[in-house]
Amino acid sequence: MTAGFRIFVFTCRDPSSDFRRPLVDALRRDHEVYCIRMRRRPVISGPEQASPASEMSLAELVKRLARRCRDGGIDIYFDSTDASLPAVMLFIRSVARRGVWCFDMHDDLRYYHRGLARLRRTLAIALPRMGSHAVVCATPALAELFPGSHVLGNASHILPMSHDGTDPADVLILTSFDARFDFDFVVRLARASTQSRFHIHGWTRNSDPETAQRASRLVTEHANILDHGPYTTDDLPSILRAYRVMVAPYRANSPLTRTIDPLRFYHCLNAGLEVISTDIPSARALAPWVHVVRDAEHGAETLRRIQAGEVSRPTGFMPTTWEGRASRLMEIINGLERTRRLRGGDILTSFAPHTHQDQAGRELLPPLLRSRHGRA
């Protein structure tokens with residue numbers, strides 16, 4: 001890795017649950033890294049993990065970035081705001097010109113949008129993509145959706161741990177209750193596995209009361225399903241240490257789960273848990289470490305055999321860490337034409353026309369809009 005980069009990571013998420021926080025920490029081993037939580041008054045922390053956070057106005061943040069871009073060196077801007085602030089991020093990009101902009105497409109980001117709302121969301125994604133020198137994504141399926149992007153993949157900060165003293169009848173479900181969660185699978189699994197207790201750690205979006213009601217019924221209608229509420233990144237070690245098996249009940253054969261790269265797979269595999277998952281692409285990609293099941297009945301039989309010691313994942317699994325992902329990200333950055341030109345002193349404009357990234361970004365624009373602008 002080439003040392004000496006100054007990296008600004010923009011996020012819209014709470015630091016206590018931001019899955020990119022371990023990536024920031026891994027990057028700090030070799031680079032000067034600042035994490036900026038974008039909201040009405042942005043909060044910036046860094047360059048060290050223990051550095052105090054500073055709240056400031058958006059104008060103050062823009063001034064600080066403008067000063068930084070004039071003092072030499074190559075800056076890396078990593079946009080992980082989930083396209084929630086496209087206009088603000090484009091404005092910031094117009095100010096902080098000397099650097100490499102990387103857009104984080106860790107998910108499709110359009111799951112819950114339909115009709116006109118989906119079109120607006122599509123445009124919100126297209127704008128920062130067109131203004132970026134690189135796009136990173138989590139899975140090959142996402143790379144197909146967004147041509148020209150680089151596969152980075154997710155990871156976990158969790159390392160192997162002991163599970164001595166845990167009861168194999170206690171089964172973990174680490175989740176978010178949303179449209180990707182297969183409630184029917186969990187109900188059938190619980191009914192077929194009365195010898196097991198399913199402990200759910202997860203949360204529901206406040207804007208989705210219907211899903212919250214379904215999650216509540218799981219607990220009230222099934223004595224062997226227990227809900228422990230939401231968790232933070234810091235809670236993970238104590239949670240994972242208490243179980244030997246995790247079940248991932250994603251909806252199979254759904255566009256909602258075709259492109260996801262669940263962090264919980266990496267958390268649990270790194271910690272040494274047996275993982276049972278419904279049949280989604282990312283689970284198949286992790287075979288033979290993940291037990292992929294066809295349906296709830298197959299899941300119940302697999303769970304029984306794991307608890308009886310009849311089956312287990314192969315030995316030799318190497319934890320997937322954020323240090324490895326940080327190295328991969330810097331390989332992507334160092335390989336960009338933009339980075340090579342900046343090293344050579346050729347300062348490009350922020351919106352250089354006809355770049356590979358511009359072409360990749362236009363792939364997201366609806367055909368009608370492309371034709372109206374004369375671009376096929």
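Before starting, one definition: helix axes are lines fitted to C-alpha atoms over the stretch in contact, and angles run from 0 to 180 degrees between N-to-C directions. Keep in mind that this is a predicted model.

**Exercise 1.** Work out how α6 and α7 are oriented to each other.

Step 1: take the geometry. Helix α6 (residues 183-192) packs with helix α7 (residues 209-221) at about 5°, and the axes are 11 Å apart.
Step 2: apply the cut-off. Angles under 35 degrees count as roughly parallel, so α6 and α7 are roughly parallel to each other.
Step 3: look at the contact. F183, D184, V186 and V187 from α6 meet T211, R214, A215 and L218 from α7. By class, that contact has five nonpolar residues, one polar and two charged.

**Exercise 2.** Find the strands at the edges of the open sheet.

Step 1: write down the strand order, β4-β3-β2-β1-β5-β6-β7-β8, with mixed pairing.
Step 2: read off the ends. β4 (54-55) and β8 (150-151) each have a single partner strand, so one side of each lacks a neighbour in the sheet.
Step 3: check one pair inside. β1 (residues 6-11) and β2 (residues 32-37) run parallel over six bridges, and T11 has R37 as its bridge partner in β2.

**Exercise 3.** Which element gives the largest share of the largest nonpolar core?

Step 1: find the core. It has 28 residues, and L172, L240, M246, F265 and L273 have the most contacts inside it.
Step 2: list the elements giving two or more residues: β9 (170-177), α8 (236-240), β12 (245-248) and α9 (263-271).
Step 3: pick the top contributor, α9, with five residues.

Key. Residues numbered from 1 in each chain as written. Predicted model: local features only at pLDDT ≥ 70, side-chain atom pairs only at ≥ 80, totals over all residues. Heavy atoms only, no water. Core = buried A, V, L, I, M, F, W, Y, C linked by side-chain atoms within 4.5 Å. Buried < 20%, exposed > 50% of the residue type's maximum accessible area, 1.4 Å probe, protein only. Helix = DSSP H or I, 4+ residues; strand = E, 2+ residues; numbered from the N terminus. Parallel < 35°, antiparallel > 145°, perpendicular 65-115°, else oblique. Contact = heavy atoms within 4.5 Å. Nonpolar A, V, L, I, M, F, W, Y, C, P; charged D, E, K, R; others polar. Pairing = 2+ DSSP bridges.
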